[in-house]
Amino acid sequence: MRSRIAPAAALMAAALLATSCGGAGETQDGAGADLDVAPGVTDDSITIGSHQPLTGPAAPGYIHISNGARAVFDHINDNGGINGRQIDYVVKDDAYDPARTIEVTRELVHDEEIFAMMSGLGTPTHSKVTDFLDDEGVPDLFVSSGALQWNQPEEYPLTYGFQVDYTKEAKIQGQYIAENMPDAKVGYLHQNDDVGRDSETGLEQYLGDQRVAVESYDSGNTDVGPQISALQDAGADVVVCSCIPAFSALAMLESASIGYEPQFVMSTIGADSATLQGLLSEFAADAGQDDLPAEEMLDGMIYTGYFPSVTMQDDPWVQLYSQIYDEYGEGDTPMTNTTIYGMLQATLMGKSLMEAGDDPTRQSLIDAVHEQDLTGPGLVPFAAIEDDHGGYSGAQVLQFRAGEAPETLQEARITDNAGGEITEPEFERPGPEEFAFHDE
Amino acid sequence: MVSLSDHESTSRDGGPGGAAPAPTLGDRWRALPALVRFPLAAVAAFAAIVALTSVTGPTADLRIGSVGYYMLAIAGLQLLIGYSGQISLGHGAFMFIGAYTVALLVLNQPALPLWLNMIITVVLSCGAGLLVGAATARLHGPYLAGATLALAVGLPSLTVRYPELLGGSNGLAFSTRGAPASLAGVVTDTQWQAAAVWLTTLIGLVVLATISAGRLGRRMRALRDDESAAGLAGIPVGRTKVIAFVISAGAGGLAGACQAYLLGTATPSSFGVTLSLSLLAALVLGGLGSMWGAFFGAVALVYIELWGEDLAHALSLDSNVANNLPIVFFGVLLILIILVWPRGLHGMASSLAGSVRRGR
């Protein structure tokens, strides 16, 4: 044995040294992967994989996404499965670290042999594995991020977005503010990454003349005092916050503490009222105020949404999800919009797998995604066709009311992420009975 | 790789009787000069890696590669902490420099060969090490730890400061060349990458081991044991400390370069304080004061979390518990090992080997 390994190693070392004289960055593209295959599909199961932050700083907010998805898959499995098969949902923890994402994604594809990737979470993380998934021919459905890059069918033919992208959402917010508050002075508060950049592109199209201040925060620094003061000094009476929940809450607390009361307009990513209430109370308690009326603080907040929120108790989908969550959810954690987000993805996945047929292949799954109207429980149309992988294509404008269901200020509108118009779509939103996502 | 074992100033060998036993194979091996012994051991280790990756799959190849670059980073830290006695809580910062150097070179100068990228990385990170080392040479103990910690906290935020160049918080993504086309079917891309990482690592380790076995290494150990005594004995205290810092920064940078090459990405969140502290924890777990400690530490860093995950799955625990179990597992193991064998896994291995030898 040893006698054969030594020359092999020597050869390898020599080859390494010789070829390392070529450029390090030259890569040659292989042909597209074969999609008429069905790894992860057995006679009685289909394996679906995902990478999520289950530990680390991003986990407390986002862990509910996979919990929600798992609850729906459990519900599907206990109700006959999909075309006679059970869903095996494998979630790997990447702790929101791209290096770990790359590792666990390879693990999912090579060791767990997943049929498809669902809802890979995060822009910095998932952007590092789209190339790999594409090379391996793994359908990469419903990415959990609003970055524009998932909607590049030419470059990533197997990657499909899910949530409304940041620019589309910002255009709708911008137009709403310009039409309904034409005299307001508007300030932006951004996360200084693609969230902020893409949102600003959209807002500027409508609010260029009304904008008086643009402030950004770094997600590693929880002091937003200077930014809020700058917005106040600029006289902004509307603040559009393209922030993650922790920073929506911090911005609200900070402005309350200096007696500054602008109208907040929140993006979907940071407008989950249940999460915000929790965060507000937590931050206030840290600062020594235990009796903060968190719900009243949120009263009047305007936000955009593309799926039913947990406060819409009359919605048939929310009712179904509440039942599912009572039965399969994580014990003492209440259901939030983040939970619904994951449940929605699992529902769309179930629907796509149903339509992929009795003998699904990766190609038939992609075909099913293209051919189906995946709007489902969402409030706006869903784009998943050959040349548009954008996911939810617009948003409603809503206002939070303490103790009540939110008020819809403006019905669903859709648009594109460039200079296109904002239009009112014609679509039908199916109820749970009309949208078969499991057997029976 | 036998040669990488202890270079302690006092020899552990020789039985209690004191009579010289007949020279064994091991003794003859140890009698070889370091310049022969370390390269030979590295060649044997490389052969072992090639043999190992020829039977494993792509995921395992990636992990084997990860052990390689972590080992290089930890070995650099070993030289700094274990040999020269300077504590660094910011070693991840040098990996950050290395990873971003390779990322920027590959993105902007794709035609540059990999070995040249690696050399540029080492030069740059040694330069950074010189700056930091010179600035902190007068600090020791907790003050040095604090200063280096600031480095780990502050450096990655440069990416947010210069988003156009460094990609902001999303970092940089790129693809590197895998196995050459002529070897298609013989060697897979991941095998190739793992081999390239380990070749780099082993070259780095040979340099580190040679340094620590030589005069510079002796000076560092003298410093570690008693700085005043070392100064009185004519050892240039400040300069030796800075040199140790520079060398370990170079190893850290090279490790970061290997990581970037292996994963095709450089992202600020990968190089936070957690990384620096993990490297330190792995070093302590592996064993301070020996290059073998770096090896054990790297293996532990890559595999213990995996085992923890498998354990959590096997026990089918509540998800909140299961998700955090791997980290707890690492922590508990660290505490237990340090309680029983203060010199870490390496100490455990050598005391076990010692008792076997005595039993013979």
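Guide: A word to begin with: contact means heavy atoms within 4.5 Å. This is a predicted model, in which local features need pLDDT of at least 70 and side-chain atom pairs count only at pLDDT 80 or more, while totals for chains, interfaces and linings use all residues. Residues are numbered from 1 along each chain as its sequence is written, chains are lettered from A and ligands numbered from 1 in the order in which they are written, and side-chain values use heavy atoms, with hydrogens and water left out.

Visitor: Among contacts in chain B between residues at least 6 apart in sequence, what percentage join residues at least 24 apart?
Guide: Chain B holds 16 helices and 2 strands (DSSP runs numbered from the N terminus: helices are H or I with at least four residues, strands are E with at least two). Of its contacts between residues at least 6 apart, the share joining residues at least 24 apart is 79%.

Visitor: Why is chain B said to be as compact as a globular protein of its length?
Guide: The radius of gyration is taken over C-alpha atoms, and the globule rule is 2.2 Å times the number of residues to the power 0.38. The C-alpha atoms of chain B fill a box of roughly 65 × 50 × 45 Å along the principal axes. For 360 residues the rule gives 21 Å, and chain B is as compact as a globular protein of that length because its own radius of gyration is close to that, at 21 Å.

Visitor: And what is the radius of gyration of chain A?
Guide: Chain A has 14 helices and 14 strands, and its C-alpha atoms fill a box of roughly 80 × 60 × 45 Å along the principal axes. A compact globule of 440 residues would have a value near 22 Å; chain A agrees with this, at 23 Å.

Visitor: Is B:Gly171 buried or exposed?
Guide: B:Gly171 sits in the loop between α8 (163-166) and β1 (172-173) of chain B. Leaving aside neighbours within four places in sequence, B:Gly171 is in contact with B:Tyr100, B:Leu166, B:Ala266, B:Thr267 and B:Pro268. Buried means under 20% relative accessible area, exposed over 50%, and partly exposed in between (1.4 Å probe, protein chains only). At 14% relative accessibility, B:Gly171 counts as buried.

Visitor: Which residue has its backbone oxygen 3.0 Å from a polar atom of the side chain of A:Thr415?
Guide: A:Thr415 lies in the segment after β14 (407-414) of chain A and is buried, with a relative accessible area of 11%. The backbone oxygen 3.0 Å from a polar atom of its side chain belongs to A:Glu421.

Visitor: How much area do chain A and chain B bury between them?
Guide: The contact takes 42 residues from chain A and 50 residues from chain B. Buried area is the accessible area (1.4 Å probe) that two parts lose on being put together, summed over both. Carbon and sulfur atoms carry 59% of it, and the total is about 3,800 Å².

Visitor: Which residue of chain A meets B:Arg63 in a salt bridge?
Guide: A salt bridge is a side-chain nitrogen of Lys or Arg within 4 Å of a carboxyl oxygen of Asp or Glu. The rule finds 4 salt bridges across the interface of chain A and chain B. In one at 3.1 Å, N to O, the side chain of B:Arg63 meets that of A:Glu103.

Technical notes
A polar contact is a pair of N or O atoms within 3.5 Å; within protein, one must be able to donate a hydrogen and the other to accept it, and residues adjacent in sequence count only if both atoms are side-chain atoms.
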